[in-house]
Every structure is written in structure tokens, then in C-alpha cells.
Amino acid sequence: MKVLFYASTFGADLWSFARYLSEKPGITINVLLSNPDTFRNEGIAKLFPIDAKLIKKSLKSYFLKPNGFKPDITIMDNAVPLRAPSPYGFMLWHGFGWKGPNDVQEFKWLHRSIQSAWGSAKVPNNSFRWQCFGPWDFKHRTETSGFHPDNCRILGSASHDILRSPLPKENMQPFYPFDVSEKKTVLIAPTWHYGEVFAHWGSDKDLFEKLFSRLDDYNANVILRLHDSFRYDSSYVQFLEELSKNHPNTYLKFKDKNPDNLLDMMVSDTLITNYSSIANLYYATGRPTIHVYPVKSEDEEFLWRKYSPLGMRKKTVDSVKYIWKLPPEEHGGLMAKNFETLLDQVDQVMKNPDCCIEKSKDFLDKYMLGADGKNSDRIWESIQEMIKS
């Protein structure tokens, strides 16, 4: 079988499943991605070499099939090529997450892209499959997002298979500028849609300093991981760069410069996020997650940021309920609705690293097939079933 991975970001489930396939005989893999050289320099690429050809995405590859390679199936994480490079298309969506509403209107562009490439996903279509993380996700995708049930499969998250058994920290040490074996490491990974992380509580400049000061009390490292740098104002990027310089135990990363986040999840002892979908993956480690409630009040209007081919779009939203498909109270860790609670919860996770094991397990059991280690097997079986039918 010849498999093409058409990657917006070659990481998380897409990378995890590519690694799974690369260990199977008779599978030839090509990966179209924006930054093959950047990915090759990532720690994950050096620790887990994949037998795959990495090809730089171009405008030509958006329209045409890769030269000399005729894939049987194209596997994507959210973006769809204009023309189908293969007879079959398979969507491994880029995260379970809370953000929505992911209804037919929001996914109008996606439905049109799928229809242009493989035919409509709103009716039974054996040329296309959509992976669901669990029964709740299946219900949402079929009743809200508009995908026909025949085209959806409940398969779980491929990266859970890896994250449930992280590498020894000593193996990952060469890829971090501080001691990850003897010191605790906190991964701060916010979503970018709300702009500044703590703007609803005060100034990021002041509150990040206070948060880092509390982490310094525990002699903890910080991985400050954000989305693509171009999604932020230049002044905010400059602030973050100065913040990391003033705190030598901090490693600042942007997705466009350091695309992989799996190694950061493996090496860290705690995650702090304002409801990025990275949390749903991190739960598989059993380590604590602190969820920063991302707005002051769910009933106050706020500015919601989205990115399109035309650039950044900012929209005033009357209530945060509009952009949540799953209530933020449904989570697998701790939740802070003010900054003082956040600091208290930092103390809690530092002193009791097992505090969220049951909570994360309950979330995974309810929404994501329990991270049982069999997700890549399910995805592979679903692909074979589609192609052979």
C-alpha cells in the first residue's frame, strides 16, 4: 500500500500513525509538509526515525499529485488538497478539543473541499472516512458537523498509544537546555484564539512574572509552547522572547519553528493550558493538567481570533458558549477561574503529582476510548476495510 500524509502539521496523531505504519512491511509512505528540514531537526525525528519520504509542500502539490508517487490513500489532519491525490481520503482530525461549534456552517469550507476531492461526506461515501475520538465525538460529528454516520468511525487518538508510555527522561535530555531528569518541568501550552493568555485577569506581563516566580520556588523548568509566531502581534512575540531571556530555565517554542509537541508532553510533569486540545492528549500520561478558564465570564463578550488564507480575523462574540462544543467543566484535571486559584493549583500539582490520575482517566474513558493503546490498530483496520470493500 502507498500512503500519502497531507499534513498541516506533521505531529500528534498524524505523526503517531505514520510511525505505526512505517513499522509495517509493504507500506510506502510520503509526507507532504511545509517544513521538512525543520521537522528533521526535532527531537522526535531523531529518537523515532520514520521510514518515509518527507516532501516540502508547494502550491503545485495543493493542486496536483506528487510526481512519481500514486498513493492508494491520503491521510490528513485538517486541510484537504484541491484535487484528490488518491482514490481514498481519510481524516485524522487534529484534536478532540473543546472549541466549536464545529457545525455545518463552520465546516462549510471543509465539506466543500472534501466534496471537490472525494465526493460529499454528507451522504454514504466509501471513498472517504472521518476518524472520531469516541462515541460522544461520533454523535457530534454526525448530528452537528454534518458527516454521514456511514463515513465516520470511532477509533480514538493515535498519539495516546505513545503518550501512555512516555520515554525515560534521560533519553530526551539532549533536546532540552535544562535538567529534565532531576528537576520538574512544566509545559505551558495555550491556544491562540483568545489572544493574551491572562488578559481577562490582568496583564500578561505582570501575571506571567508572578507565575514564573511561583514555579521558581520549586526550581522548575518551563516549556512555553505557543502556536505559530505569525498568529501573534510582533510586540507580544517580543514580550515572550524577553520573558524567556529573563528566566534561563524557560524554553520558548513556536509551532512554526518547533512543530513537534509530543516530546514536550512526554518530558513534562505538568501541563497548564487555556483549553488547547493538547490537554486531551496529555491526559494519557496521567500527569496533572491545570485548565485556565479562558474568559472572565461565560456571559461577557470577548474578542475571538481565527486565521484564514486572508490572514487574522477578529470577531466579537457575545458569549463564550458559542465557541464551545463541550463545556469547559468537562475536563481531566484542575480548573482555575482566577489567578490566585491558578497559583494554588501550581502548589497542589507540585506537591501531589498524582492528583489528576483518576480525573484524567475518567475523561478518557468517557470521551476517548480510555487511551487503551489500540487506537492505531483501529485506524489501520478501518483503512483496510475501506480499501478492500
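Biologist: In which helix is the place of Val 349?
Modeller: This is a predicted model, in which local features need pLDDT of at least 70, side-chain atom pairs count only at pLDDT 80 or more, and totals for chains, interfaces and linings use all residues. Residues are numbered from 1 along each chain as its sequence is written, and side-chain values use heavy atoms, with hydrogens and water left out. Helices (H or I, at least four residues) and strands (E, at least two) are DSSP runs numbered from the N terminus. Val 349 falls within residues 339–351, that is, helix H13.

Biologist: Does Val 349 count as buried or exposed?
Modeller: Buried means under 20% relative accessible area, exposed over 50%, and partly exposed in between, with a 1.4 Å probe and protein chains only. The relative accessibility of Val 349 is 2%, so this residue counts as buried.

Biologist: Which residues does Val 349 touch, not counting those up to four places away in sequence?
Modeller: Contact is taken as heavy atoms within 4.5 Å. With residues up to four places away in sequence left out, Val 349 touches Lys 184, Thr 270, Pro 288, Ile 290, Leu 334 and Cys 355.

Biologist: What is the order of strands in the open sheet of six?
Modeller: Two strands pair if DSSP finds at least two bridges between them. The pairing here is parallel, and S10 and S15 (334–336) are the edge strands, each pairing on one side only. The order is S10-S9-S8-S11-S12-S15.

Biologist: Which residue of S15 is the bridge partner of Val 292?
Modeller: Strand S12 (residues 289–292) pairs with S15 in the parallel sense over three bridges. Within S15, the partner of Val 292 is Ala 336.

Biologist: At about what angle does H9 run to S9?
Modeller: Axes are lines fitted to C-alpha atoms, for helices over the stretch in contact, and angles run from 0 to 180 degrees between N-to-C directions. H9 lies across S8 (185–188), S9, S10 and S11 (270–273). Its angle to S9 is about 145°.

Biologist: How far apart are the end C-alpha atoms of H10?
Modeller: The expected span of a helix is 1.5 Å times one less than its number of residues. H10 has 13 residues (234–246), so it should span 18 Å. The distance between its end C-alpha atoms agrees, at 18 Å.

Biologist: Within what arc do the buried residues of H10 fall?
Modeller: The residues concerned are Tyr 236, Val 237, Phe 239, Leu 240, Leu 243 and Ser 244. The arc is that of the directions from the helix axis to the C-beta atoms. Seen down the axis, these buried residues line one face of H10, because they fall within an arc of 155°.

Biologist: Which elements do the buried residues of H10 pack against?
Modeller: The face of H10 turned away from its buried side carries the exposed residues Ser 234, Ser 235, Lys 245 and Asn 246. The buried residues pack against helix H9 (204–217), strand S9 (221–226) and strand S10 (250–254).

Biologist: Which strands stand at the edges of the seven-stranded sheet?
Modeller: This open sheet has the order S3-S2-S1-S4-S5-S6-S7, with parallel pairing. Each edge strand has a single partner strand, so one side of each is left without a neighbour in the sheet. The edges are S3 (53–56) and S7 (152–154).

Biologist: How many salt bridges are counted?
Modeller: A salt bridge is a side-chain nitrogen of Lys or Arg within 4 Å of a carboxyl oxygen of Asp or Glu. Among them is the one between Arg 378 and Asp 372, with the closest N and O atoms 2.4 Å apart. The count by this rule is 14.

Biologist: How many residues apart in sequence are the parts tied together by Lys 366 and Glu 330?
Modeller: Their side chains meet in a salt bridge of 3.4 Å, N to O. Lys 366 lies in helix H14 (residues 357–367) and Glu 330 in the loop between S14 (311–317) and S15, so the separation of the parts tied together is 36 residues.
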